[in-house]
Amino acid sequence: MRFSVVPAIFLACLTLSGCISGADTESVLSAVPSRETTGAVAKTSRLVPAADIGAASIPAAAIAEAPTAASAEGETHELAWAGNVPQPQAFATSAMTVGMPVPSERPIAALFRPEPPMGKGQRTRSKIYSQQFRDAKPINFGKVSPQKYAVHGVDVSRWQGQIDWPKLRTQGANFAYIKATDGGDHLDPMFKTNWARAKEAGIKRGAYHFFYWCRAASHQADWFIRNVPRDPDALPPVIDVEYNGESSCQFRLSAEQAREKMQVFMDRLERHYGKRPVIYTAPDFYKDNLRGHFLDYPFWLRSVAAHPSKVYPGRKWLFWQYSGSGLSQGVKEKIDLNVFHGGEGEWHQWLNAGRS
């Protein structure tokens, strides 16, 4: 994050004099728009969008009553706001649903009992389409290849442009995670369109947030909640945590601090949506920060050269992103390809569990 020299000197003096802690510094910095950028954020002179999304309204009393937790260094970190959660402003809202189950054994197929026949009044199962994707950079995954899994899906952002969602579904996109937000002030300009059209095409879809390490976790959770509707049919929300080489943010948090920020964000989303968030991550960030932690959370793992069991030994997973160079009818640009860890029966039972 870049800021002018005078505020920087002022903050440094306050920090050295013991007036504010490291976490408080973050709170001060988060008051200005973040300049952290990712491949999914256009480097424009103004925020996206320029209108339609109101500024966050945070009662002063709520901030003052925020609970705290001590770090390993003895500093105090803001954990979350008290008070009511703001409602989404970009969409109409729906009723809250309960959380989806968290995998407890490996593989996922072992989590489920045989699914009973559908009774009167139950929802009709959505058709599962076999994958017909191609790959610009194909990989030989050996005996346990992505093609061995029954339920394939994609994740998309503005960079895929206009998507023919019905065509993409017949190509094998049985689910889609759609880029929604970054940090505390970026909204993917294609999110609203993709969110609506994916559902119209009959694709199970969820939203994901790219996490910024120089923004307060509670601010980011509030921004996501304001822009992503609470839909009982949606997949659980996703927090995307990884290193960002393009970032101007020079904060380098310890693993403990990174996990603390993640927990604040995930707790707030789980309270609002009633579904436990999924953690998306890549090998290097996982090794440094997540290995052996968040055992009761579902993981979505990026592993484009080997099966996740080799890259993330011992880690239970729900989704596997196996390619970032997929090719499909219905999309002009390359697309990320994913699989669900289980068969068709497990997929439908997992979806139904999230609605009950």
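This briefing covers the cores, strand pairing and aromatic contacts of one structure. The model is predicted. Its largest nonpolar core has 53 residues. Its aromatic pairs come to 28. Phe294 gets its own group below, as a non-glycine residue with a positive phi.

**Nonpolar cores**

- Nonpolar side chains tend to be buried together in soluble globular proteins.
- In the largest core, of 53 residues, Trp165 and Ile279 have the most contacts inside it.
- Helix H7, spanning residues 255-273, gives the most to this core, with seven residues.
- Leaving aside residues up to four places away in sequence, Trp165 touches Val156, Ala176, Ile178, Asn194, Arg197, Ala198, Ala201 and Ile203.

- Strand E9 (residues 278-281) runs parallel to E10, and three bridges join the two.
- Ile279 has Phe299 in E10 as its bridge partner.
- The chain goes from E9 through H8 to E10, and this β-α-β crossover is right-handed.
- E10 also pairs with strand E11 (residues 319-327), again in the parallel sense and over three bridges.
- Here Arg302 has Gln321 in E11 as its bridge partner.
- Side chains in a regular strand alternate between the two faces of the sheet.

- Phe294 sits in the loop between helix H8 (283-290) and strand E10 (299-302).
- The phi of Phe294 is positive, at about 55°, although the residue is not a glycine.
- Phe294 has a relative accessibility of 11%, so it counts as buried; the cut-off is under 20%.
- Phe294 forms an edge-to-face aromatic pair with Tyr297, at 5.7 Å centre to centre and 85° between the planes.
- Both partners, Phe294 and Tyr297, are buried.
- Tyr297 also has a charged neighbour: Arg276 lies over the face of its ring, 4.4 Å from the ring centre.

**Other aromatic contacts**

- A ring pair is described by the distance of the centres and the angle of the planes.
- Trp317 and Trp320 have ring centres 6.1 Å apart and planes at 75°, so this pair is edge-to-face.
- Trp317 is buried, with a relative accessible area of 0%. Trp320 is buried too, with a relative accessible area of 0%.
- Ring pairs link a cluster of Phe175, Tyr177, Tyr280, Trp300, Phe319, Phe340, Trp347 and Trp350.
- Arg158 lies over the face of Trp159, at 5.0 Å from the ring centre.

**Phe251**

- Phe251 is found in the loop between strand E8 (238-241) and H7.
- Phe251 has a relative accessible area of 31%, so it is partly exposed.
- Phe251 and Tyr212 are 39 residues apart along the chain, and their C-alpha atoms are separated by 10.0 Å.

Key
Residues are numbered from 1 along each chain as its sequence is written. This is a predicted model: local features need pLDDT of at least 70, side-chain atom pairs count only at pLDDT 80 or more; totals for chains, interfaces and linings use all residues. Side-chain values use heavy atoms; hydrogens and water are left out. Helices (H or I, at least four residues) and strands (E, at least two) are DSSP runs, numbered from the N terminus. Buried means under 20% relative accessible area, exposed over 50%, partly exposed in between (1.4 Å probe, protein chains only). A nonpolar core is a set of buried Ala, Val, Leu, Ile, Met, Phe, Trp, Tyr and Cys residues joined through side-chain atoms within 4.5 Å. Contact means heavy atoms within 4.5 Å. Two strands pair if DSSP finds at least two bridges between them. A crossover is right-handed if, with the strands pointing away from the viewer, the path from the first strand over the helix to the second runs clockwise. Rings of Phe, Tyr and Trp (its six-membered ring) pair if their centres lie within 6.5 Å; planes under 30 degrees apart count as stacked, over 60 as edge-to-face and the rest as tilted. A charge sits over a ring if NZ of Lys or CZ of Arg is within 6 Å of the ring centre and within 35 degrees of the ring normal.
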